[in-house]
Amino acid sequence: MAGAQVDYFYSFRSPYSYLSAPRGFALADDFEIDLHFRGVLPMMMRGESVPVAKRLHTMRDVKREADRLGMPFGRIHDPLGDGATRCLAVSEYAIEQGRAREFVLAAGLGIWGEATDPATDEGLRRICEAAGLGWDGCKAALSNEAIADRVEANTNELVEIGHWGVPVFVFEGEQFWGQDRIDDLAFVLSDAGLARR
Amino acid sequence: MSKLRERAEREIGPRVIVAASTITAPARAAAAARRATGRSGRLELYFGFDDPASAFAVIDLEQRLQGRKVIFDLLPVVERGIKDDPALERKRIYGITDGRRLGRRIGLTLSRSEPIDPQQTAFLAGWVAAAPRGAALTRFCAAACRRLWFESDGPIEAERYEELWRECFGSAPTADQAAVRANEKQMTRRGPYETPAASIGGRWFFAQDRSAQIADWLDQLGWTVK
């Protein structure tokens with residue numbers, strides 16, 4: 001069953017997506033899978049409501065989880081809007097360059113741990129270079145319509161599979177929602193005989 | 001939007017919320033004061049019998065609180081969730097898939113393959129809301145959650161749960177739906193929007209996903225296992 005596909009739906013505006021990234025990408029180290037990174041627009045840009053109580057609780061809960069996982073969290077720059085869409089565009093370019101993991105990890109750290117503003121060229125460039133990506137290629141990706149179409153397709157697919165939040169992993173049609181379901185996915189992948197020897 | 005306002009919304013506000021959440025001294029002092037005056041700690045759990053994640057949380061927390069001088073305050077609700085949530089039905093269906101995973105963590109197998117309509121278990125919420133807090137109520141809730149989600153499928157027969165109630169309390173249940181409504185209002189006012197939601201020492205937790213955090217916070221507050 002080598003080469004089984006796992007889709008990984010991710011939003012740069014979701015702190016839970018940020019928490020999921022190191023362990024999410026590591027799945028491809030531990031299992032014989034093709035991990036397909038699928039960047040999607042933030043919930044609030046998809047017309048979904050996020051009540052104030054949820055936003056407050058999320059910040060507090062993520063801080064505790066980040067501490068438990070040893071990840072920086074607290075020096076935040078909320079990327080809602082251009083920051084998120086620019087990261088999505090560059091993430092598609094990073095996939096083409098084989099550096100999706102590096103870019104997603106760098107962007108997450110920048111947004112949630114270092115208050116980097118990816119809506120500015122200065123902020124996004126810092127993230128891109130930390131991920132080993134050249135700025136010229138990244139800048140070109142920002143105005144690439146084919147890339148924008150791919151982001152839209154990813155977002156539509158999340159809706160089509162019937163899910164509402166991120167991060168979501170999908171393996172053989174089964175959905176695993178949340179950074180706290182990665183162990184459950186690993187269990188299923190092991191059960192499917194996909195563990196690397 | 002002015003630059004200052006934008007910075008406040010995107011950076012300063014979130015940073016203040018996160019920083020404030022790390023302040024633990026007042027909660028620890030309050031817990032110490034309770035112990036000094038011979039009182040117990042208190043873990044409040046808003047939960048729904050129609051929700052497999054709640055069933056997991058009730059069973060799991062009952063185990064985790066053993067040996068700690070902490071009152072398990074079980075607060076049943078029926079109506080809850082994000083107002084006009086378009087994903088409500090999808091969440092309930094997904095809850096079944098997720099409930100299987102949660103069950104596996106405590107060695108139980110989910111016996112249902114379809115969501116339960118909240119109104120079908122509203123009678124249980126009414127009974128629990130009317131009863132005095134204590135060991136018998138905790139025992140009943142944990143047993144009822146097991147029976148509902150891990151030992152049965154199909155229609156929910158109130159008679160079977162009444163038998164269980166008599167085993168725990170030695171008398172017939174009475175119902176207080178007004179108390180359930182009060183729990184729902186209180187839950188909304190205090191912030192949680194989904195069940196199961198646990199509150200201990202001023203902190204809220206997703207009770208099905210944060211077992212380790214809850215145990216750690218109880219330890220920090222001094223409500224350790226004796």
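These legends describe close-up views of a predicted model. Local features need pLDDT of at least 70, side-chain atom pairs count only at pLDDT 80 or more, and totals for chains, interfaces and linings use all residues. Residues are numbered from 1 along each chain as its sequence is written, chains are lettered from A and ligands numbered from 1 in the order in which they are written, and side-chain values use heavy atoms, with hydrogens and water left out.

View 1. The largest nonpolar core has 56 residues. A nonpolar core is a set of buried Ala, Val, Leu, Ile, Met, Phe, Trp, Tyr and Cys residues joined through side-chain atoms within 4.5 Å. Buried means under 20% relative accessible area, exposed over 50%, and partly exposed in between (1.4 Å probe, protein chains only). Which residues touch the most other members of the largest core? They are Phe12(A), Leu27(A), Phe73(A), Phe103(A), Leu133(A), Phe171(A) and Leu189(A).

View 2. Helix α9 spans residues 211–221 of chain B. Helices (H or I, at least four residues) and strands (E, at least two) are DSSP runs, numbered from the N terminus. Buried residues in this helix are Ser211(B), Gln213(B), Ile214(B), Ala215(B), Trp217(B), Leu218(B) and Leu221(B). Just after α9(B) comes Gly222(B), with a positive phi of about 90 degrees.

View 3. Arg86(A) pairs with Asp121(A) in a salt bridge, with 2.8 Å between the closest N and O atoms. A salt bridge is a side-chain nitrogen of Lys or Arg within 4 Å of a carboxyl oxygen of Asp or Glu. Arg86(A) sits in α3 (residues 82–96) and Asp121(A) in α5 (residues 121–130), so the pair ties together parts that are 35 residues apart in sequence. Arg86(A) is buried at 16% relative accessibility. Asp121(A) is partly exposed at 35%. The whole structure holds 41 salt bridges over all chains.

View 4. Arg125(A) and Glu129(A) meet through their side chains in a salt bridge of 2.9 Å, N to O. The two are 4 residues apart in α5, so about one helical turn separates them. Arg125(A) is partly exposed at 38% relative accessibility. Glu129(A) is partly exposed as well, at 42%.

View 5. Arg101(B) bridges to Asp98(B), the closest N and O atoms being 3.5 Å apart. Both residues belong to helix α4 (residues 88–105) of chain B; they are 3 residues apart, so about one helical turn lies between them. Are Arg101(B) and Asp98(B) buried or exposed? Both are buried. Salt bridges that share partners join them into one network with residues including Asp61(A), Arg64(A), Glu174(A), Arg181(A), Asp209(B) and Arg210(B).

View 6. Asp78(A) occupies the loop between α2 (52–69) and α3 of chain A. Asp78(A) is buried, at 13% relative accessible area.

**View 7. Two cis peptide bonds.** The peptide bond from Val166(A) to Pro167(A) is cis, with omega near 0 degrees. Pro167(A) lies in the loop between α7 (145–160) and β3 (168–171) of chain A. In chain B, a cis peptide bond joins Thr195(B) and Pro196(B), with omega about 0 degrees. Pro196(B) lies in the loop between α8 (177–190) and β3 (197–200) of chain B.

**View 8. Positive phi at two non-glycine residues of chain A.** Ala115(A) has a positive phi, near 55 degrees. Ala115(A) is in the loop between α4 (100–113) and α5, and is buried at 14% relative accessible area. Glu172(A) has a positive phi of about 50 degrees. Glu172(A) is in the loop between β3 and β4 (174–177), and is exposed at 59% relative accessibility.
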